[in-house]
Amino acid sequence: MTRYSDWTTRLTQFIQSRKHTPFEWGVHDCCLFAADAVIAIAGHDYAEQFRQQYTNEMGALRALKRAGYSSIDEALTGLLGAP
């Protein structure tokens, strides 16, 4: 049995809890939704350094640059490793 054998239950509960949450840059956007799902499943926050750092698309790009990344792809590879 793996450490997170109940991950499907955790993921389902997380999705249900967010299904009516409106999109909001820097709070509940596409990348933070995925990062929040990882927190719900595994308890690790890969997006901690980006939370509350931007309020629009341009701000998100600036937050990536401040963290040393030129794109979301580069940030994901840097945080998670190469696919």
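D36 is buried, with a relative accessible area of 8%; buried here means under 20% relative accessible area, exposed means over 50%, and partly exposed lies in between (1.4 Å probe, protein chains only). The model is predicted, so local features need pLDDT of at least 70 and side-chain atom pairs count only at pLDDT 80 or more, while totals for chains, interfaces and linings use all residues. Residues are numbered from 1 along each chain as its sequence is written, and side-chain values use heavy atoms, with hydrogens and water left out.

**Salt bridges around D36**

A salt bridge is a side-chain nitrogen of Lys or Arg within 4 Å of a carboxyl oxygen of Asp or Glu. By this rule the structure has four salt bridges. Three of them are listed below with the N to O distance.

| Pair | N to O distance |
|---|---|
| R18 and D36 | 2.9 Å |
| D36 and R51 | 2.5 Å |
| D45 and R51 | 2.8 Å |

R18, D36, D45 and R51 are linked in a network of salt bridges. R18 counts as partly exposed, at 24% relative accessibility.

D36 also meets R51 in a salt bridge. That pair links distant parts of the chain: D36 belongs to helix α2, whereas R51 sits in the loop between α2 and α3 (57-66), 15 residues apart. R51 in turn forms a salt bridge with D45.

**A residue in the loop**

Q52 is found in the loop between α2 and α3. Its phi is near 60°, a positive value in a residue other than glycine. Q52 is exposed, with a relative accessible area of 60%.

**Cysteines**

A disulfide is a covalent bond between the sulfur atoms of two cysteines. In this analysis the term applies to a pair of cysteine sulfur atoms within 2.5 Å. A search of the whole structure finds zero disulfides. C30 is in no disulfide, and the nearest cysteine sulfur, that of C31, is 6.6 Å away. For C31, the closest cysteine sulfur is in C30, and the distance of 6.6 Å is too far for a bond. C30 is exposed, with a relative accessible area of 61%, while C31 is partly exposed at 39%.

**The protein as a whole**

The protein has four helices and zero strands, and from the N terminus on its elements run α-α-α-α. Helices (H or I, at least four residues) and strands (E, at least two) are DSSP runs, numbered from the N terminus. The C-alpha atoms fill a box of roughly 40 × 30 × 15 Å, taken along the principal axes.

Of the 83 residues of the protein, 22% count as buried. The protein exposes about 5900 Å², and carbon and sulfur atoms supply 57% of that area. Accessible areas come from the Shrake-Rupley method with a 1.4 Å probe; for residues, only the protein chains shown count as cover.

Contact means heavy atoms within 4.5 Å. Among contacts between residues at least 6 apart in sequence, 35% join residues at least 24 apart.

The protein has 8 positive and 9 negative side chains, and the centres of the two sets lie 3 Å apart. Lys and Arg count as positive and Asp and Glu as negative, while His and the chain ends are not counted. The place of a charge is taken as NZ of Lys, CZ of Arg, CG of Asp or CD of Glu.
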